[in-house]
Every structure is written in C-alpha cells, then in structure tokens.
Amino acid sequence: MAISVGSQAKVVIVGGGIMGVSLLYHLAEEGCTDTILIEKGELTSGSTWHAAGQCPSLVGNYNLAKIHNYSNWLYPKLEELTGQYVSWHAAGGIRLAFTENDLDWFRFLKGIADNVGFRMEIIDPKKIRQINPFINTDGVLAGAWTLDDGHADPSGLTSAMARGATKYGANIERHNRVTDITLKPTGEWEVVTEKGNFIAETVVNAAGCYARQIAQMVGSDLPIVNMQHHYVVTGPVREFVERDEEIPVIRDPRASAYLRQEQKSGLIGIYEQVAMTEAWEPDGFPSWASDSELFPDNLDRLMPWLGYAMERMPVFEDAGIKRIVNGAIPHSADGSPLLGPAAGLKNFWLCCGSSFGIAQGGGCGKYLAQWLLYGDSEINMTGFDPRRFGSYADARYMKAKGFQDYRLTYFTPLPGEELPAARARRTSPLHDKLTTQGCVFTETFGWERPKWFSLDGRSEEYSYRHNNVFDIVRNECFSVRERVGLLDLTGFAKYEVTGPDAESHLNNICANAMPKRTGGIVLAHILSERGRIAAEMTITRLADNHYYVLSAAGAEMRDLDHLSQNITSDEQVEIRNVTDERGVLVLAGPKSRRVLAKITDEKLDNDSFRWLSGKEIHVVGVPTRALRVNYVGELGWELHPPMEHMETIYEALWRAGKEFGIANFGLYAVNSLRIEKAYRGWGAELTNEVTMIDADMERFVKLKKEHFVGKEATLRQKQQERALQLVYFEVESSEVDVRGSEPIFMGDNCIGVTTSGGYGHFVERSLGFGYVPPAMSAPGTELSIDLLGERCRMTVLKDPAYDPTNARLRA
Ligand SMILES: Cc1cc2nc3c(=O)[nH]c(=O)nc-3n(C[C@H](O)[C@H](O)[C@H](O)COP(=O)(O)OP(=O)(O)OC[C@H]3O[C@@H](n4cnc5c(N)ncnc54)[C@H](O)[C@@H]3O)c2cc1C
C-alpha cells in the first residue's frame with residue numbers, strides 16, 4: 001500500500017525507535033501489514049541510536065527473561081532474515097557476585113535460565129580470569145556467565161527490522177511529527193501530523209522519551225521519567241589489539257557498571273548512585289526539537305564508580321577516555337516496559353517505557369503484536385501491562401521511582417525487600433494505628449498493605465532462605481487457624497455494576513453464571529476470545545441489577561476496562577469504581593463468629609448467613625457490607641464499611657476479639673494460609689497464557705450458558721489434547737520454599753515451571769503450584785524442583801493440604 005496523507009490503517013505506531021519498529025516488524029510477521037509507523041526524524045533518532053547495544057540474558061523476572069531471550073535469538077538471525085548487517089557480537093556476559101545473597105540470586109536465576117532456555121553457568125574467580133584475563137577479581141565470590149547474549153549496533157538492528165517490515169508490506173513515514181491525536185465519533189483515532197492526518201483503528205504510542213507527551217494528547221499520562229545515562233569509550237587497548245577473542249560484557253555491582261570491548265577499545269557505562277536531581281528537567285526535557293541529541297557530559301557525577309570500574313579492568317586505565325556519550329533513557333516506575341492497552345482508552349496501546357530497549361525491543365515487539373492481534377500473548381504479560389499503575393503514579397512519584405530504579409540497576413533484588421521511594425501514596429485509615437502496632441507494610445498499586453507485624457521491633461533480614469520473620473509469620477498463621485485474625489485489605493479493587501442489563505452484561509463477559517439469589521457470591525473469570533484467563537473477580541448480587549465486584553488491588557484499572565469497555569451500545573449498565581469509598585477488614589478464624597456476634601445484631605449462624613453469601617449488616621451501628629468469603633480458608637467475614645468508618649469497626653473488632661486472642665496478620669501469612677488451601681492466584685497461576693481447563697478451574701465455567709466471551713474456544717479445547725496442566729504439590733526442602741519461576745524436572749529434563757509457593761506453617765509442609773505436561777500431573781507423581789541449586793523431590797497432591805472438604809469454611 002502506498003501511504004499518503006489521509007491514509008487509513010489498522011494500526012498506526014507513533015515512534016520509530018527500536019520498540020516501535022520491532023512492533024511493526026512482528027505485526028507484519030503475523031500477517032498484519034495494514035500498518036503505518038510515523039517517525040518525526042530519522043528512525044532511531046531518539047534514544048536508540050546512541051545506546052551501547054548490550055543485550056543481557058540475565059534478568060530476575062521470568063517473563064522479562066523470555067523477552068530478552070527472544071531478542072537474543074532473533075538478532076543474530078536478522079541479517080539472514082532481512083539482508084541488513086546488524087553487527088551482532090556473541091560475546092556473552094559475566095555478572096559478578098560479592099555476597100552470599102548475590103550467589104543465591106544467581107542460583108535462582110539459573111532456574112530461570114533452565115526454564116527459558118539460555119545457557120548460564122555459575123563460575124569461580126579462576127574461571128572468570130580464564131575467560132577474561134584482564135579482569136581484577138578482588139572481592140569477587142563468583143560470576144554468572146551467560147553464553148548466549150552479546151551486543152549489537154542498535155541502529156543496525158532497527159534498520160534490519162524496518163527493512164523486514166517494509167518487505168512484508170508495512171509502511172514507514174519518516175520526517176513527520178505527530179502533533180495531536182483525537183477520537184472520532186466512529187471510535188477510530190485521527191492522528192494529526194505536520195503533513196496531514198491519518199485514520200487508525202488502533203494507535204500505539206512508541207514515542208520513547210516523548211511517550212508522556214503523546215499520552216497527554218489523548219488526555220492520559222504515563223509513569224515514565226527520562227534519565228540521563230553516560231558511557232565512556234577508551235582509546236585502543238593494546239591487549240585487545242593483540243587478541244582475536246572478545247571478552248564477555250562484565251557487569252560489576254560494586255562499580256555499578258557494565259564494561260566491555262568496543263572493537264579494540266574499552267567501553268564503560270555507569271549507573272551512578274547519586275540523587276541525580278540535575279539529571280531531570282520535568283518540563284523542558286526533552287524538547288520537542290530534540291533529535292539525535294546528546295547532553296553535555298558530567299564525568300564528576302560518575303565518580304567514584306568510574307574509578308572502581310577502571311580498577312576492575314586496569315587495562316582500560318592506560319587507554320584513556322576518548323569519547324563520552326550522555327543520552328536519555330525512558331524509565332518506568334518499576335523498571336519493566338509498558339506494553340499493552342492504556343487505561344481507560346479503547347484501542348490506544350503502549351509500547352514504551354523500556355530502559356533496556358535494545359535488549360528488550362525484539363521480544364517486546366513480538367509478544368505485544370500477539371496480544372494486539374489475538375487478544376493475548378504466549379507469555380504472561382501481567383507485569384508489563386501499563387494498567388499496573390494508576391493515577392497515583394504522577395510526575396513526583398515517577399521521579400522518585402525512576403531515580404530509584406536507575407540506582408538499583410546493579411543491585412541484587414532480595415525477596416520481600418521494601419524500597420523506600422514514593423511510598424504511602426494510598427493508605428487505609430488504619431495506616432497509623434497499624435504502624436504503632438508494629439505493622440511492616442508492602443506496596444501494591446500505590447497502597448500500603450500489612451505484610452507482617454514486628455511485635456518485638458525486629459527488622460526483616462532479607463534472604464532467599466527462611467529468615468528471622470519465619471516464626472513470626474508462623475504465629476500469625478496459627479492465630480488465624482486456631483483463634484481469630486484481623487487483616488486490613490482495603491486495597492482490594494471494588495466496583496458497583498448496576499442497571500437493567502447488569503446481570504446479562506456480567507454473564508456475557510464472565511465464564512461463570514451470575515448468582516440468581518440476592519446475596520449470592522460467585523468467583524468469576526473474564527476470558528479472552530481464545531479462552532485464556534484475563535481477569536478474576538468475586539461478584540456478589542446485592543439486589544436485582546446491583547452487583548458488587550471485587551478484584552485484586554493491582555488489577556484496579558485493568559478490570560475497570562474489562563468491565564466497562566465491553567458494554568454494547570444496546571446495554572444499559574453503569575460501572576462505578578468504588579475502591580476509595582470502602583475499606584476492607586478480613587476477620588477469619590474459628591472464633592470469628594463469636595467476635596462479630598458481639599458487635600452486630602445480625603444473625604450469623606449457618607442458616608441465616610451461609611458461606612458464600614453477602615449482605616448489608618450493621619456493625620456497631622455502621623452499615624457495612626459483610627461477605628462470608630475469604631482467601632485463607634477459615635470461617636470468617638470480609639467487612640466492607642464506608643472508608644470513614646474503618647477505624648470504628650477495627651477498634652470494635654479488636655475490643656470484642658481480645659477475650660478470644662485476636663491478632664493482626666499480614667500478607668506473608670495470607671500466602672502461607674492460601675497455599676495450604678491450594679487457592680490459585682491471579683497473575684501467577686491464572687494468567688493470559690492459560691485457560692480455565694489448564695488451570696483446573698472448569699468448575700467455574702458454565703458451558704450451559706448460551707454465550708460468554710471465550711466459550712467457543714473453551715469448547716474447542718475440550719476436544720483437543722492439552723500441553724499444560726496446573727499441579728499442586730509438596731516439596732521436600734528444609735529452608736527454601738518455591739517462589740515461582742523454578743524449573744520442574746523429570747529426571748534431567750526440565751518439563752515444567754513453578755508459578756508460586758510458600759511454606760504451609762500449619763500443615764508444616766513446603767507447598768507450591770506449577771505447570772507440567774498433563775501426562776505428569778497425576779496425584780502421587782514424583783518429580784523434582786531446583787531450589788537454589790538443590791534438586792528437591794516434589795510430589796503432586798490430589799487435595800489441598802488443609803481442610804480439603806471446606807469444613808472450616810462452612811463451620
Ligand atoms: C548512553 C545509553 C546507553 C544505553 N545502552 C543500552 C544498552 O546497552 N542496552 C539496552 O538495551 N539499552 C540501552 N540504552 C537504553 C535504550 O537506548 C532505550 O531503552 C531504547 O532506545 C528505547 O527505545 P524506544 O524505541 O522506546 O525509544 P526511542 O529510540 O527514543 O524511539 C522513540 C521515537 O519516537 C519518535 N517520536 C517521538 N515523538 C514523536 C512524534 N510526536 N511524532 C513522531 N515521532 C515521534 C522519536 O523521534 C524517536 O525516534 C541506553 C541508553 C543510553 C542513553
């Protein structure tokens with residue numbers, strides 16, 4: 001198709017950096033060439049052209065590792081595929097470890113490597129020196145050697161994908177700036193450019209450092225901050241001149257630096273550990289005119305880390321610095337890219353926010369193209385969905401988080417570690433009270449949520465193994481199982497769905513059937529057209545045409561879109577996000593009925609208030625929604641009072657519960673309690689990669705319903721052989737539990753992956769979930785799991801480890 005102003009396209013991509021071009025290429029590979037990419041300057045003239053081009057495999061996030069791995073698979077092949085030279089250097093990489101925690105992290109990453117399929121070895125300093133004879137290994141305990149990665153010329157990679165895309169028939173419009181984007185009454189987007197307008201069914205914002213400005217054109221904003229980052233190139237290094245082999249890319253946490261060979265010179269990039277206020281000009285940077293722009297260098301800012309890097313590779317010191325590059329990198333708040341639909345906007349997608357866009361570009365384009373065209377992707381995209389952030393992630397939040405993320409680039413991430421930047425953006429009215437009771441909070445979707453309670457003032461010693469809060473969590477679990485526990489879960493996403501078509505609408509988008517009786521509660525899932533899991537919600541019928549819908553805190557924006565964007569023009573349905581209007585208190589445990597009975601006149605016996613029902617009751621005179629459900633597997637109620645009454649209700653429960661030994665508990669305990677009950681988690685077991693059949697959740701699918709989204713695909717799957725099956729298992733391990741992403745082995749073959757796990761304190765067993773081939777899923781099957789380098793026996797279980805008949809819930 002020859003494009004001209006006024007052209008229409010299925011997809012218009014704004015921005016011709018590596019992210020936008022990769023998306024264009026992969027859409028074309030999937031057969032979608034009704035596309036136009038619009039770039040204001042030359043391709044790559046934003047951040048891409050000046051990048052150092054490293055493409056590491058070693059990433060602590062399983063799904064991000066798949067993105068990196070795909071790029072590292074694609075890039076060496078691009079020249080053959082497209083005819084464009086990309087200068088791929090298969091140098092591999094070595095990341096250095098200095099502490100036992102670093103080493104445990106490497107062991108965890110080795111599991112990811114085995115699962116994802118890239119080669120990695122943990123090597124000692126002697127081996128490091130054999131591979132790189134010029135390195136100083138003082139203080140180094142070990143190295144994580146990845147053999148399948150390397151570096152490439154970012155412009156070459158982008159040009160190759162652009163060439164490949166246009167060969168397939170995709171269109172690229174260069175030297176034309178997008179100046180506005182408006183929504184037409186038809187639902188299409190009008191993309192206004194300096195040279196005229198284009199009409200798009202879907203717009204993708206791939207504008208790199210300008211992505212916020214593009215988002216603002218459609219009344220939105222993005223959690224992106226642009227950081228300045230330096231690398232320096234030395235003069236020729238004599239030792240490299242005399243040698244044919246290239247050294248692997250060295251990643252040194254002490255120097256907060258990457259060090260590599262650039263032809264016969266050295267290249268050092270520093271993630272300096274300073275506050276970096278001078279790196280950020282929120283209003284003026286980057287200017288619209290910015291094109292192939294570099295900033296004045298500031299070597300002082302790189303000290304002392306540049307010095308440490310020179311100490312690591314003394315041969316660089318003698319070569320002197322010949323070139324300095326200081327360019328802009330877009331950073332998201334959590335360091336992962338923004339891939340997927342923008343919140344609240346239909347057919348407006350994001351492909352931006354990547355701070356390692358060269359390494360991630362290939363994979364981001366591939367998996368986003370799948371999601372855009374088919375409704376889901378073959379990898380779990382939950383952690384990249386831009387709707388993982390809400391309006392709390394404003395410019396101030398982003399600045400703090402972005403700086404933190406930049407500084408932490410070479411820090412070892414530790415399980416449970418709480419990071420200080422931009423906290424307490426959303427708090428429950430109980431926040432201060434719980435703080436005085438020793439509450440340690442964790443952050444989800446801006447909310448501060450109780451994690452555990454430090455009753456003796458101790459702080460957590462973060463570790464990949466059981467640590468000094470293990471016994472404290474055990475006590476919290478026992479208080480719920482034996483007495484009664486209280487938890488503030490105010491962060492839950494909450495919606496009211498009302499109107500004459502509320503029931504039919506929910507039945508249309510959910511696989512389960514809506515409850516027929518007032519007060520009935522169901523667990524309901526929204527599926528994609530391909531039958532994969534998009535959302536999980538707890539839905540209560542409060543009255544005819546009035547439903548109260550609850551979802552995970554992190555899904556607040558995403559599920560709002562699911563609920564509201566599928567209302568058809570002839571349906572009368574209103575969706576209201578009431579998350580900030582109501583608090584949530586979980587009261588659970590065998591004594592919970594007696595505690596609640598002391599402060600309400602409502603009858604709480606099984607005939608009057610049965611399990612899986614909800615109603616409006618009065619608690620100390622406050623009208624409160626009470627739902628007899630919970631995620632911990634005990635008799636109990638979730639109380640949802642108006643936010644302003646949270647403190648009153650909490651205090652009344654606390655007073656009433658004193659004689660029964662009431663105790664606070666937090667999310668660490670919840671994980672232990674739910675894994676004992678084999679409750680699955682959205683985003684871990686229930687993801688866009690799998691169907692309800694794969695996840696063994698068919699009992700929540702009502703195939704007898706005339707229609708629901710994903711029904712045909714579910715019926716089709718029932719006729720086919722499956723590739724995956726979720727299993728629940730016990731693992732024999734003394735001080736390490738499953739976290740998710742560990743490889744599952746049959747003999748020496750990696751046949752599956754864990755999704756989540758934890759220690760069941762009450763049943764005294766280490767438990768988990770994972771996906772394996774159906775032939776290996778029968779209860780009693782013995783497999784093994786790699787836990788921090790140790791092969792541990794796992795046995796598939798038939799039933800939940802705790803209360804398989806739900807007797808406690810029905811008590
Ligand atoms: C010094 C340095 C070294 C780096 N080294 C590495 C590395 O080794 N490995 C790695 O993975 N990453 C590295 N990065 C990061 C990497 O450069 C970025 O993550 C990546 O380039 C982002 O790509 P992008 O496509 O999102 O953005 P960009 O490349 O900035 O592309 C966005 C494009 O959108 C265009 N655009 C913006 N507004 C409009 C508009 N209104 N109309 C039309 N077009 C528009 C811009 O002109 C630009 O070309 C480095 C960055 C720096 C600064």
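Is I533 buried or exposed?

1. I533 counts as buried because its relative accessibility is 1% (buried is under 20% relative accessible area, exposed over 50% and partly exposed in between, with a 1.4 Å probe and protein chains only). A quick caveat: this is a predicted model, where local features need pLDDT of at least 70, side-chain atom pairs count only at pLDDT 80 or more, and totals for chains, interfaces and linings use all residues. Residues are numbered from 1 along each chain as its sequence is written, and side-chain values use heavy atoms, with hydrogens and water left out.

2. I533 sits in strand 24, residues 533-543 (strands are DSSP runs of E, at least two residues, and helices are runs of H or I, at least four, numbered from the N terminus). M692 is 159 residues away in sequence, yet the C-alpha to C-alpha distance from I533 is 6.8 Å. Leaving aside neighbours within four places, the contacts of I533 include H525, L527, L686 and M692 (heavy atoms within 4.5 Å).

3. Have a look at N326 too, in strand 16, residues 321-332. N326 also has 1% relative accessibility, so it counts as buried. A polar atom of its side chain lies 3.0 Å from the backbone oxygen of P296, and the side chain of N326 reaches the backbone nitrogen of H229 at 3.5 Å.

4. Helix 1 (residues 18-29) spans 16 Å from first C-alpha to last, close to the 16 Å expected at 1.5 Å a residue (1.5 Å times one less than the number of residues). Of its 12 residues, 11 are buried. After helix 1 comes G31, with a positive phi near 100°.

How values were computed:
Polar contact = N/O pair within 3.5 Å; in protein donor to acceptor, adjacent residues only side chain to side chain.
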